[in-house]
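Trainee: I would like to learn how to read charged side chains in a model. Can you take me through one?

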Amino acid sequence: MGTESTPLKLPVIDFTKPELKPGTVEWDSVKGQVLQALQDYGCFEALFEKVPTELREAIFEALEELFDLPLETKLRNVSKKPFHGYVGQYPQVPLFESMGFDDADIIEKVEAQTSILWPQGNTDFSKTIQSFSKQLSDLDQMVRRMILESFNLEKYMDEHMDSANYLLRVMKYEGPKTTETKLGLRSHTDKNIVTILHQNEVEGLAIQSKDGEWFDIKPSKDSFIVMIGDSLYAWLNGRLHSPYHRVMMTGDKARYSMGLFSIPKGGYMIKAPEELVDEEHPLLFKPFDHIQFMGFYFTEAGQKAQSALKVFCGVEN
C-alpha cells in the first residue's frame, strides 16, 4: 500500500508575547522560526494581537462601504504609480477589483485620499484605514528587523527601515455563484519588500511550494499571512524565497482581503549587500529602482515573462 503525503501547511508563528523585544530569548526564538519559514515557504501565518478584534471587524465594514460606491466614484482612486490606484473591470479576472491607499499609516495622507471618494469626508473610514495600517506596520518592521539580524546585516538596519513606504491595497472578489472553481487572481509573486495579508472568512488563497505544488491557505480569522516580495528577494541575493500565489474562488459569498505592502521609495536603489555576494552566491540582480521595475512589469514583455525581475535586471552567471 502506498502512503499518502501530509498536506502542506504554513508554519504558524506567535508574535503575541509581550516580552518579544530585540535581544531577548523570546525574540531569538521567533527570529529562528521566521528565517526557517521564509527559507522553506517564503511566507508564514502570524498571530499578532496588536490589531484588536474591533479594528479587524471595522476594517471589513469599511471595505464593504468602499466597494459599494458607484464605479465612477471608485475610478477616482488613481495613482501615478503602477497598480496603486483602482484596478478592476478586467476580462481576464472578472471577479476581482482592488483599490490602494498610499502612505496608509499617515492619517493626513489617508484623509486626502478619502476626501476624493467622499468629498464631504468620512472620518470613520480614514481612521480605520490608518489605524489598521499603523498597527500592522509594527509587524512588518519586526519581521524585517529579524531578517536583517539573521544575516548579520545590522549595519544596514536604519537605511533598510527608512527605505520603504506603506501601501494598503484592499481587494474584493465576487463569489462566482457556482460550485466550479473560478480564477480570482492569477499566479504571481509580489514585487515589494514584505506583504502582510488579512482576509474575511471566505477562502481562496493558494501558495506554490518551492517544489511546484499548490496548496490552499486556511488562516484563522485572527491571523495574518506574511510573505516575501521580489524586492527583498533581490536585496538578499536570493537567500529567501518569494512565493508564487493566486486566488481561486467558488460559491456565492464575496471575499474581502487587504494587503499591507512595504514598498521601496522612488529613487531608492535595491542593491544586494556585499556580505551576501560570494563564490557560492554570485550576484543575481543588478541594482534597480522599484518603480522603474513596476513600470516594466506592466508592459507586454513584463507580463509575458516567467520572472519579470530576471528579465528586467538579472545577471547572467
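Mentor: Gladly. Keep in mind that this model is predicted. Start with Glu174. Its relative accessible area is 34%, so Glu174 is partly exposed.

Trainee: Which side chain does Glu174 meet in a salt bridge?

Mentor: A salt bridge needs a side-chain nitrogen of Lys or Arg within 4 Å of a carboxyl oxygen of Asp or Glu. Glu174 meets Lys172, at 3.2 Å from N to O.

Trainee: Is Lys172 buried or exposed?

Mentor: Buried means under 20% relative accessible area. Lys172 has 8%, so Lys172 is buried.

Trainee: How many salt bridges does the structure hold?

Mentor: It holds 14. One of them pairs Glu180 with Lys182, with the closest N and O atoms 3.8 Å apart. Lys182 is partly exposed, at 36%. Asp222 and Lys221 also pair, at 3.4 Å. Here Asp222 is partly exposed at 33%, whereas Lys221 is exposed at 64%. Salt bridges can also link up: Asp28, Lys31 and Glu149 form a network.

Trainee: What does UniProt place at residues 163–264?

Mentor: An unreviewed entry gives "domain: Fe2OG dioxygenase" there. In the model, that span is 56% strand and 6% helix. Its end C-alpha atoms lie 6 Å apart.

Notes:
Residues numbered from 1 in each chain as written. Predicted model: local features only at pLDDT ≥ 70, side-chain atom pairs only at ≥ 80, totals over all residues. Heavy atoms only, no water. UniProt positions renumbered as here; feature names shortened; annotations may be inferred. Helix = DSSP H or I, 4+ residues; strand = E, 2+ residues; numbered from the N terminus. Buried < 20%, exposed > 50% of the residue type's maximum accessible area, 1.4 Å probe, protein only.
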